[in-house]
Amino acid sequence: LVSIAVIVVTMIAGYFLGLPVLAKRFAGKIPMATEYELGEQALVFFDDHEWLKPSELDVSIRAKIKDGFNILCDDLPFRDFYRLEFRSGSRMLGPNALALPGGTIVITDQLIEMADTEEEVIAVLAHEIGHTELRHSMRGILQNSIVALTVATLTADAATLNVAVAGLPAVLARTKYSREFETEADDYAFQLLKRNDYSPEA
């Protein structure tokens, strides 16, 4: 009973404390180009399954938002990988913005229409850029992959790992960042907005 208790406590501690540290360390070692390919696959998956549809937003509005986005990205470490995609959100995604792996950021028409000002839209994009610069997508993928690998090892079930890898785009669609990741992205966004003469109040 004591041994079982020790194993359970160790596994819980490893999940909540060890996994995030390992994922953060290894995410930084994965080339951004590799992560970009994952983001491309995810976007194709969303489009093919009609979770996202072509944008119906006026071209001039998109151009203004893209100009602001490019200003935010101009001096960032991963600036060469950033791409802003406009889509109309389905019932599943609705008003939303997504930071896909590798620098592809999607924003929906519905979110833009909800915003009172263009500056609010830029602030949302700054938050998504924060997720990208801090490698939150890859860190989340690594944490989930380690869990899948552990389960596959303990159960001797290779199918568990195959399903986890094959279903990455769907997993990305349903993944919600932890409160810690959201706070980190907010803090990053505040600093990024200030550097580019936008009010963090947005």
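Contact is defined here as heavy atoms within 4.5 Å. The structure is a predicted model, in which local features need pLDDT of at least 70, side-chain atom pairs count only at pLDDT 80 or more, and totals for chains, interfaces and linings use all residues. Residues are numbered from 1 along each chain as its sequence is written, and side-chain values use heavy atoms, with hydrogens and water left out.

The protein chain contains 9 helices and 4 strands; helices (H or I, at least four residues) and strands (E, at least two) are DSSP runs, numbered from the N terminus. Along the sequence, these elements follow the pattern α-α-β-α-β-β-β-α-α-α-α-α-α. Of the 202 residues in the protein chain, 41% are buried, where buried means under 20% relative accessible area, exposed over 50%, and partly exposed in between (1.4 Å probe, protein chains only). Among contacts with a separation of 6 or more, 71% are between residues 24 or more positions apart. The accessible surface of the protein chain is about 11600 Å², and carbon and sulfur atoms account for 59% of this area.

The interior was examined in terms of nonpolar cores, each being a set of buried Ala, Val, Leu, Ile, Met, Phe, Trp, Tyr and Cys residues joined through side-chain atoms within 4.5 Å. The largest nonpolar core has 26 residues, and those with the most contacts inside it are Phe 69, Tyr 82, Leu 84, Ile 107, Leu 125 and Ile 129. At least two residues of this core come from each of helix H3 (59-73), strand E2 (83-89), strand E4 (104-108), helix H4 (109-114), helix H5 (118-133) and helix H9 (179-195). The greatest contribution to this core, 6 residues, is made by H5. When residues up to four places away in sequence are not counted, Phe 69 touches Tyr 82, Arg 83, Leu 84, Ile 105, Ile 122, Leu 125 and Ile 129. A second, separate core comprises 10 residues, including Leu 43, Leu 98, Leu 100 and Val 106.

Helix H2 (residues 32-48) has 17 residues, which should span 24 Å at 1.5 Å a residue; the end C-alpha atoms are 24 Å apart, in agreement with this value. The expected span is 1.5 Å times one less than the number of residues in the helix. The buried residues of H2 are Met 32, Glu 35, Tyr 36, Leu 38, Gly 39, Ala 42, Leu 43, Phe 45 and Phe 46.

Charged side chains were also considered. A salt bridge is a side-chain nitrogen of Lys or Arg within 4 Å of a carboxyl oxygen of Asp or Glu, and by this rule the count is 7. One of these joins Glu 35 and Arg 135, with an N to O distance of 2.7 Å. Because Glu 35 lies in helix H2 and Arg 135 in the loop between H5 and helix H6 (136-155), the pair ties together parts that are 100 residues apart in sequence. Glu 35 is buried, at 1% relative accessibility, and Arg 135 is buried at 7%. A salt bridge is likewise formed by Arg 83 and Glu 40, whose closest N and O atoms are 2.5 Å apart. This pair links distant parts of the chain, with Arg 83 in strand E2 and Glu 40 in helix H2, 43 residues apart. Arg 83 is partly exposed at 25% relative accessibility, and Glu 40 is partly exposed with a relative accessible area of 25%. Arg 87 and Glu 85 are both buried and form a salt bridge in which the closest N and O atoms are 2.8 Å apart. A network of salt bridges links Glu 40, Asp 47, Arg 83, Glu 85 and Arg 87.

Most residues other than glycine have a negative phi. Glu 50, in the loop between H2 and strand E1 (52-54), has a positive phi near 60° and is exposed, with a relative accessible area of 52%. Asp 197, in the segment after H9, has a positive phi of about 65° and is exposed at 73%. Glu 50 and Trp 51 are in contact with Ser 90, neighbours of Ser 90 within four places in sequence being left aside. Ser 90 is found in the loop between E2 and strand E3 (97-99) and is buried, at 13% relative accessibility.

How values were computed: Accessible areas come from the Shrake-Rupley method with a 1.4 Å probe; for residues, only the protein chains shown count as cover.
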